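The structure is shown first.

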Amino acid sequence: MNETTGLVAGLLLAAGGGRRLGGRPKALLRHHGRPLVEHAADALRGAGCARVHIVLGAHAEEVRARAALGGCVLVDNPGWERGMGSSLRAGLASLPGTGVEGALVALVDQPGIGAGAMARVLAAHRDRTTLAAAAYAGERGHPVLLGADHWAGVAATATGDRGARAYLRAHGAGITLVECGDVARPFDIDTEADLERLD
């Protein structure tokens with residue numbers, strides 16, 4: 001871990017309602033006997049994030065009651081139904097004043113991405129201007145590291161389910177890609193068929 005990684009917060013987007021999963025909140029889907037939200041929070045901590053902020057939306061009270069998220073900052077997104085962009089904006093808005101200068105953004109429905117990949121991307125942090133992302137066979141994926149100088153721009157363009165995609169596309173030349181295909185599998189849990197990946 002380089003000396004600046006302690007200045008990066010983990011930002012976990014966990015507000016989705018699992019519309020294609022019969023309305024089951026993704027945060028509470030079980031994997032190895034524990035909710036996905038616990039696995040993802042532990043991975044961010046294990047990677048070396050200074051603090052972990054978790055954005056909740058669908059069934060937020062149930063997630064608070066059923067998941068062990070002690071030490072994390074829980075951020076409510078009342079507009080979660082408007083898509084991932086609203087959760088990213090809510091999460092970024094919770095970070096100013098915390099002393100961090102970067103956010104490592106992860107998604108709760110990607111259990112194949114653990115602390116190893118997150119630590120690699122975190123190690124790419126240099127200062128508030130850093131933009132970095134995991135890559136899988138050269139294709140950009142998650143997690144994504146957003147230096148604080150980019151938060152306002154990301155928030156301004158984060159709409160629907162696009163998250164930071166539009167901002168990252170516009171700033172592609174400045175993104176450090178960190179290959180993680182050897183330590184992570186970037187699949188999403190989106191449909192009933194995807195549940196077979198959980199055990």
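The lining of the largest pocket comprises 14 nonpolar, nine polar and 11 charged residues. The model is predicted, and the points below are grouped by topic.

**Largest pocket**
- The volume of the largest pocket is about 930 Å³.
- Among the 34 residues lining the largest pocket, Lys26, Met84, Asp109, Asp161 and Asp190 are the closest to its centre.
- Two or more lining residues come from each of strand 1, helix 3 (84-93), strand 6, strand 8 and helix 6 (165-170).
- Strand 8 contributes the most to this lining, with five residues.

**Helix 4**
- Helix 4 spans residues 115-122, and its buried residues are Ala117, Met118, Val121 and Leu122.
- These residues lie on the same side of helix 4, because they cover an arc of only 135 degrees around the axis.
- An α-helix has 3.6 residues a turn, so residues three or four places apart point the same way.
- The cover over the buried residues of helix 4 includes strand 1 (8-14), helix 1 (36-47) and strand 6 (102-107).
- Strand 7 (131-136), strand 8 (139-147) and strand 9 (176-179) are also included in that cover.

**His31**
- His31 belongs to strand 2, which consists of residues 30-31.
- His31 has a relative accessible area of 10% and is therefore buried, the cut-off being under 20%.
- A polar contact of 3.5 Å joins the side chains of His31 and His32.
- Apart from neighbours within four places in sequence, His31 is in contact with Leu36, His39, Pro111, Arg197, Leu198 and Asp199.

How values were computed:
Residues are numbered from 1 along each chain as its sequence is written. This is a predicted model: local features need pLDDT of at least 70, side-chain atom pairs count only at pLDDT 80 or more; totals for chains, interfaces and linings use all residues. Side-chain values use heavy atoms; hydrogens and water are left out. Buried means under 20% relative accessible area, exposed over 50%, partly exposed in between (1.4 Å probe, protein chains only). Helices (H or I, at least four residues) and strands (E, at least two) are DSSP runs, numbered from the N terminus. The arc is that of the directions from the helix axis to the C-beta atoms. Contact means heavy atoms within 4.5 Å. On a 1 Å grid over the protein atoms alone, a cavity is a set of points where a 1.4 Å probe fits but cannot get out, and a pocket is an open set with protein on both sides within 12 Å along at least five of seven lines; lining residues have an atom within 4 Å of a point. Grid points are joined across faces, edges and corners, and a volume is the space filled by probe spheres set on the points. Ala, Val, Leu, Ile, Met, Phe, Trp, Tyr, Cys and Pro count as nonpolar, Asp, Glu, Lys and Arg as charged, and the others, Gly among them, as polar. A polar contact is a pair of N or O atoms within 3.5 Å; within protein, one must be able to donate a hydrogen and the other to accept it, and residues adjacent in sequence count only if both atoms are side-chain atoms.
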